[in-house]
Amino acid sequence: MANDTATTGKKKRRIALGCEGSANKLGIGVIAHDVETGAATVLSNVRHTFVSPPGTGFLPKDTARHHRAFFVRVAKQALSDAGVRIADIDCICYTRGPGMGGPLTSVAVAARTLALLWGKELVGVNHCVGHIEMGRAITGAENPVVLYVSGGNTQVIAYAEQRYRIFGEALDIAVGNCLDRFARAFEISNDPAPGYNIEQLAKQGRVLVELPYAVKGMDCSFSGILTRAEELAAQVKRGQKGPEGELLTPADLCFSLQETVFAMLVEITERAMAHVGASQVLIVGGVGSNIRLQDMMGAMAAERGGSVYATDERFCIDNGIMIAHAGLLAYETGFRTPLEESTCTQRFRTDEVFVKWRK
Amino acid sequence: MATEFPLPRVLTYPASAPPSLIAQGAEGRLYKTTHLHADRPCALKYRPPKPYRHPILDARLTKARIAAEAKVLDRCYREGVPVPVVYALDAAAGWLMIEWIEGIPVRQGINEWLGERPEDDAPPAEDLDETPIVDLMKRIGQAVGSLHRTGVIHGDLTTSNMMLRPRPQGSEPEADAKKKAVAGDVILIDFGLATQSSSDEDRAVDLYVLERAFASTHPRAERLFSHVLEAYKHSFKKAHSVLIKLEDVRMRGRKRSMLG
């Protein structure tokens with residue numbers, strides 16, 4: 001690719017490399033922002049996922065080892081896909097948190113190394129804000145209520161006065177964690193993701209089994225549902241009949257679990273939309289790539305005279321490009337993360353970030 | 001308000017007065033109509049089916065929620081908590097008919113009292129007699145106290161979910177407009193999120209929700225909130241330990257440290 005400064009002597013675009021590894025996905029992406037219009041162009045978006053065997057989850061130490069082993073390969077691929085030279089890159093963005101400690105640290109160390117090696121500035125990014133900004137950029141949703149649903153987070157968010165404010169959230173485990181752990185009960189494959197395989201199985205489900213429904217105002221809880229779903233799964237595996245004497249299949253349980261937890265998510269989102277008077281809703285995070293959830297959200301939004309915005313797995317599921325994008329937005333407002341402060345943290349709330357790039 | 005929504009069947013019977021849509025929330029719709037007599041106004045809470053939910057799940061939730069709300073209201077009414085009386089319900093059809101409460105929301109009364117007072121919670125003028133507003137705060141504290149004594153948690157206490165019902169005429173000396181704004185009986189409404197519990201924790205969270213809502217709705221009257229808690233403290237035996245728990249809840253806030 002041509003040198004950006006060659007013809008005019010003035011930069012036409014800014015380029016950031018983003019590194020994400022807060023959970024089992026290692027993602028590195030390169031993004032360019034037009035200096036004048038601010039328009040974002042995805043130059044590359046490479047991801048490598050640590051997939052654990054069916055019936056198990058991913059442990060922090062194994063995941064961290066995976067990220068360390070694949071970082072160089074993924075970074076090289078991202079650079080060659082993007083076709084940019086190291087000299088063209090303005091900053092290195094990395095996930096500061098929230099996430100799993102081990103994997104976060106591995107990637108932060110790698111990002112720091114790149115910054116020192118290439119003499120670039122570092123930008124630490126909040127993972128959740130990365131999801132939100134990428135979702136907005138891809139869908140063009142101006143000021144939506146955001147439902148952020150993944151293996152680690154469940155939040156209903158609305159923007160107000162330079163913060164992404166959390167209106168509702170899961171009181172215990174995240175919805176994606178509930179789905180992931182349910183998948184283990186039936187040893188459903190983790191490849192490409194347990195949630196994806198539950199979604200496919202659920203399409204054959206016919207019987208709606210009663211599960212707890214736990215919404216408290218704009219918050220919700222998933223641990224009780226998981227416990228009950230696991231109990232039912234154990235019964236199905238033993239060949240026992242359901243609570244009403246019906247013959248249940250794993251597909252029925254996947255279907256029932258999805259219908260129940262998604263109804264809860266749509267309900268709390270609707271409440272937040274009514275509260276702030278919004279009609280647009282944006283779904284981000286890995287669970288957001290579920291088509292059934294998108295359809296349910298669409299039906300709710302349509303009734304309120306609005307619409308749902310969602311992205312596909314490239315941007316919904318953790319990726320490096322969203323970290324590059326959100327990091328570059330902050331970089332353009334003058335934000336930097338000095339080397340001595342380039343730490344990472346497991347706890348980092350969405351509303352802690354000062355969103356200087358929005359009005 | 002124009003009724004562009006299809007009416008629930010109960011409102012199409014000739015026995016009820018032509019309904020008017022009063023409010024449309026995320027949960028459902030509130031209509032004003034009459035019950036049995038043309039001169040007996042009532043509120044009809046209707047939870048329409050949600051198209052996004054599986055029909056079986058939708059029917060189950062609607063039925064359970066209408067029934068729960070009616071049960072809580074009935075319990076409160078029998079125990080003397082100031083709430084609307086339940087006239088009728090059809091949980092499966094998703095509606096609940098309750099007493100119509102005349103008057104204005106407490107939020108409006110407080111704002112009328114505060115009027116054009118200077119910003120920033122300035123101390124009141126020397127000559128201003130605060131007795132009427134302080135008295136209202138006490139009535140709020142007593143109402144919430146009686147609710148909690150009954151074993152009910154409201155779940156969404158705000159000054160919009162309390163009404164000020166005027167007392168019968170002639171029962172009180174004529175007051176000026178400002179005093180009138182904060183006069184009347186406090187009636188608690190909207191029990192859509194109510195649960196039954198007698199734990200200090202749940203009661204304290206209920207109070208905390210009210211405290212936060214009060215502070216954000218009436219920042220200029222925030223200092224008056226202490227009178228609510230003071231009256232609450234004397235309203236039932238266990239109120240004291242609830243207020244101690246409230247300290248913990250305040251410290252904790254709504255913020256939960258987030259694990260990735």
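Two cavities of 30 Å³ or more were counted in this predicted model.

The largest cavity holds about 80 Å³ of space. Residues of both chains line this cavity: chain A contributes A:Glu267 and A:Glu270, while chain B contributes B:Ala26, B:Glu27, B:Arg47, B:Pro48, B:Lys50, B:Tyr52, B:Arg53, B:Leu61, B:Thr62 and B:Arg65. Two elements give two or more residues each to this lining, namely α7 (250–276) of chain A and α1 (55–78) of chain B. Of these, α1(B) gives the most, with three residues. Sorted by class, the lining of the largest cavity comprises seven charged residues, four nonpolar residues and one polar residue.

The second largest cavity has about 30 Å³ of space. Here the lining is drawn from chain A, with A:Ile132, A:Arg136, A:Asn143, A:Pro144, A:Val146, A:Ile157, A:Ala158, A:Tyr159, A:Tyr164 and A:Arg358 taking part. The elements that supply two or more residues are α3 (127–139) and β7 (154–160) of chain A. The strand β7(A) provides the largest share, three residues. By class, seven residues of this second lining are nonpolar, two are charged and one is polar.

Turning to the annotation of chain A, an unreviewed UniProt entry records "domain: Gcp-like" over residues 45–324.

Chain B, for its part, is divided by the domain assignment into domain 1 (3–99) and domain 2 (104–259). How do these two parts meet? Across the boundary, 14 residues of domain 1 of chain B are in contact with 17 residues of domain 2 of chain B. The size of an interface is often given as the accessible area lost when the parts come together. Between domain 1 and domain 2 of chain B, the buried area is about 1200 Å², and carbon and sulfur atoms give 60% of that area. On the domain 1 side, B:Val72, B:Arg75 and B:Pro82 lose the most area to domain 2 of chain B, and together these three residues account for 41% of what that side buries.

Notes
Residues are numbered from 1 along each chain as its sequence is written. Chains are lettered from A and ligands numbered from 1 in the order in which they are written. This is a predicted model: local features need pLDDT of at least 70, side-chain atom pairs count only at pLDDT 80 or more; totals for chains, interfaces and linings use all residues. Side-chain values use heavy atoms; hydrogens and water are left out. UniProt positions are given in the numbering used here, feature names are shortened, and annotations may be inferred rather than shown by experiment. On a 1 Å grid over the protein atoms alone, a cavity is a set of points where a 1.4 Å probe fits but cannot get out, and a pocket is an open set with protein on both sides within 12 Å along at least five of seven lines; lining residues have an atom within 4 Å of a point. Grid points are joined across faces, edges and corners, and a volume is the space filled by probe spheres set on the points. Helices (H or I, at least four residues) and strands (E, at least two) are DSSP runs, numbered from the N terminus. Ala, Val, Leu, Ile, Met, Phe, Trp, Tyr, Cys and Pro count as nonpolar, Asp, Glu, Lys and Arg as charged, and the others, Gly among them, as polar. Domain bounds come from an automatic or database domain assignment. Contact means heavy atoms within 4.5 Å. Buried area is the accessible area (1.4 Å probe) that two parts lose on being put together, summed over both.
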